[in-house]
Amino acid sequence: GIDVDSGENLRRARFGAGGTLFTDWSYEFIYDFGGSGSETTGISSAFIQYNGLGPVHLRVGAYAPPESFEDATSASDLLFLERAQPTDVARGIGGADGRDAATVFAYDANYFAALSYTGGMTGQTGIFDEQQALVGRFAYRFVKTDDANLAVGADSTYVFKLPDIAPGTSALNTFTLGERPELNVDDNNIKLVSTGGLFATKVWQWGVEATGNWRSLYAQGGYYGFQVDRRTGFDNASFDGWYAQASWVITGEAKEYRADRGAYTIPKPNEPFNLDKAGIGAWELAARYSVLNFNDNAGSAGLPTPPGGVRGGEQKIWTAGVNWYPNTAVRFMLDYQHTNVDRLDALGGSLSARLDAVSLRSQVSF
């Protein structure tokens, strides 16, 4: 069986600075001192940005290129401890924190559009020639009232040059898609679903999402497709995943939609926690269901993998949570998560797994 580690970690401990220079220029530098096990410290964000072209902005440096609603949601504003699994896989292909990139993006009160050219990750080792990719995103808010916001979005990543590990080895490039359960505590970086290394030439990802709120009710969901173009004579491998999540702020506050990100923030308590004035802060109930399928022509149990087949497994996760916001800086999150993995090994044996986890996070964000 699989023994998943329990314990605690300092998931993120980010400190930095940002500001404006000479009216049209802005900058940001954030270093992450957190992490444990396979997660290491490093630069989360370091960029300069030019803002003198009206709604159009130019950014260059190392940062998370705009990729989706979940990706654009700040780590401190996520509904649960981690992003939904298909969105986490998607952002990791050509984006994620600390990605070398150049981005042109534009937005107003209702739309957000971005196109990024991306390379490798800061601090990445064992790479001779960096990966090269294009990451695009578009979101449009088509309902905007005092009580409601509704928006749709689409995103895509195209990796047209995979990284080389040594000179002249591009013919041996492999690409792996894998994902942990939506909880990053295990120090051994166990991924219950993974395609393994696929000999590849190109990688393509696309996704569609919708999000919205009506007063204190909020919902969001999306569907994602992944394709790995292979060079070994086998057909291209295709995978997919989807998620749906919702919450209710029972104290009545509404999440705010930020047009400059195309994403939601946390609710701001109407009555911050205060024993003298009987303030209780904001309380939120949340639920999510997500599916990630890394099987392609997987064949049947008890039989070897068919030629060209991929037995990466299917991972389904139910999550329920309670979030307490005593004020706009402090947050406590309590989540229960049930993970169900169906997977076959190369000979048709079972690699299936079941995982139940309870997690608690305390957070301070300035």
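Trainee: Which strands form a hairpin with three residues between them?
Mentor: That's β5 and β6. Keep in mind that this is a predicted model.

Trainee: OK. In what sense do β5 and β6 pair, and over how many bridges?
Mentor: They're antiparallel, with eight bridges between β5 (residues 99-107) and β6 (residues 111-121). If you want one spot to look at, find T103: its bridge partner in β6 is S116.

Trainee: And which strand does β6 pair with over eight bridges, besides that?
Mentor: β7, residues 132-144, again in the antiparallel sense. Look for A114, which stands opposite R137 in β7.

Trainee: Switching topic. How many residues are in the largest nonpolar core?
Mentor: 25 residues. The ones with the most contacts inside it are I93, F175, L177, F226, F239 and F294.

Trainee: Which elements each supply at least two residues of this core?
Mentor: The helix α2 (85-94) does, and so do the strands β12 (198-214), β13 (217-230), β14 (237-249) and β17. There's also a second, separate core of 12 residues, which includes L79, F105, A151 and A286.

Trainee: Now charges. How many salt bridges does the count come to?
Mentor: 13. One of them joins R215 to D147, where the closest N and O atoms are 3.5 Å apart.

Trainee: Where do R215 and D147 lie?
Mentor: R215 is in the loop between β12 and β13, while D147 is in the loop between β7 and β8 (148-161), so the pair ties together parts that are 68 residues apart in sequence. R215 is partly exposed, at 43% relative accessibility. D147 is partly exposed too, with a relative accessible area of 35%.

Trainee: What about R288, which residue does it form a salt bridge with?
Mentor: E182, with the closest N and O atoms 3.3 Å apart. R288 belongs to strand β17 and E182 to the loop between β10 (178-179) and β11 (193-194), so this pair ties together parts 106 residues apart in sequence.

Trainee: Are R288 and E182 buried or exposed?
Mentor: Both are buried.

Trainee: And what do K255 and E284 do?
Mentor: Their side chains meet in a salt bridge, 3.2 Å from N to O. K255 sits in the loop between β14 and β15 (257-258) and E284 in strand β17, so parts 29 residues apart in sequence are tied together. K255 has 6% relative accessibility, so it counts as buried. E284 is buried as well, at 0%.

Trainee: Which residues do salt bridges with shared partners join into one network?
Mentor: R14, D32, D71, R91 and D97.

Trainee: Let's pick one residue. Where is Q315, and is it buried or exposed?
Mentor: Q315 is in strand β18 (residues 310-325). It's buried, since its relative accessible area is 0% and the cut-off for buried is under 20%.

Trainee: What does the Q315 side chain make a polar contact with?
Mentor: The side chain of Q85, at 2.7 Å. Leaving out residues up to four places away in sequence, Q315 touches several others, including E179, R180, L192, S290 and N340.

Trainee: Last one: is L275 buried or exposed?
Mentor: Exposed, with a relative accessible area of 72%. L275 lies in the loop between β16 (263-264) and β17 (282-296). Its C-alpha atom is separated by 31 Å from that of D146, and the two residues are 129 apart along the chain.

Terms used: Residues numbered from 1 in each chain as written. Predicted model: local features only at pLDDT ≥ 70, side-chain atom pairs only at ≥ 80, totals over all residues. Heavy atoms only, no water. Helix = DSSP H or I, 4+ residues; strand = E, 2+ residues; numbered from the N terminus. Buried < 20%, exposed > 50% of the residue type's maximum accessible area, 1.4 Å probe, protein only. Polar contact = N/O pair within 3.5 Å; in protein donor to acceptor, adjacent residues only side chain to side chain. Contact = heavy atoms within 4.5 Å. Pairing = 2+ DSSP bridges. Core = buried A, V, L, I, M, F, W, Y, C linked by side-chain atoms within 4.5 Å. Salt bridge = Lys/Arg side-chain N within 4 Å of Asp/Glu carboxyl O.
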